[in-house]
Amino acid sequence: MSSQNPSIQPASDDEAVSASCATYNLTTTEFHTLREKVVEAKKTAYCPYSKFRVGAVLLTNSGAYISGANVENASYPVTTCAERVAFGKAITEGHRGFKAVAVATDISPPASPCGMCRQCIREFCDLSTPIIMFDGEEKYSIMRLEQLLPLSFGPEALGVPSQLNSTSK
């Protein structure tokens, strides 16, 4: 496992996108749809305090796209991150089995999910799941969950059978 920072590529570079998709078992259509939907999700963020918009989109194994955005609260600890909004929505709608997670912010370079969100993703995704991070300049980087959360703790550590490959709705 490498501790290097991931490369940052322009989302408009078809060759880079194709290479990324081949590496992470995505189609270019899935990649571009994730990018389009995560940028749209970011626009729905409720962030009057930080002004830090975050969108998240999950791609299920069955091809559904589930979006979320950060929702802030005057009592800061009550704030919910975009990734957790998307997973909460997906799970309560009966979705299981996720192929990719995308996040988008307005900053550059692309921002990764926070520690709490990484653990949330770990609950529902295989360690090899690609996390695609888009910045505000149409650039992206990709890392697998195991790179973002090494030596992770998951449901299997508590004897809970994996539901990662369960079918989605």
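This is a predicted model: local features need pLDDT of at least 70, side-chain atom pairs count only at pLDDT 80 or more; totals for chains, interfaces and linings use all residues.

Which residue forms a salt bridge with D106? I looked it up: R53 does, with the closest N and O atoms 2.8 Å apart. (A salt bridge here is a side-chain nitrogen of Lys or Arg within 4 Å of a carboxyl oxygen of Asp or Glu.) D106 sits in the loop between β4 and α4 and R53 in the loop between α2 and β2, so the pair ties together parts 53 residues apart in sequence. Helices (H or I, at least four residues) and strands (E, at least two) are DSSP runs, numbered from the N terminus.

Residues are numbered from 1 along each chain as its sequence is written, and side-chain values use heavy atoms, leaving out hydrogens and water.

Next I checked E30 and K99, whose side chains meet in a salt bridge (3.0 Å, N to O). E30 lies in helix α2 (residues 28-42) and K99 in strand β4, so this pair ties together parts 69 residues apart in sequence. E30 is buried at 15% relative accessible area, and K99 is partly exposed at 24%. (Buried means under 20% relative accessible area, exposed over 50%, partly exposed in between, with a 1.4 Å probe and protein chains only.)

Then I turned to helix α3 (residues 82-92): its buried residues are A82, E83, A86, F87, A90 and I91. Just after α3, I found G94 with a positive phi of about 90 degrees.
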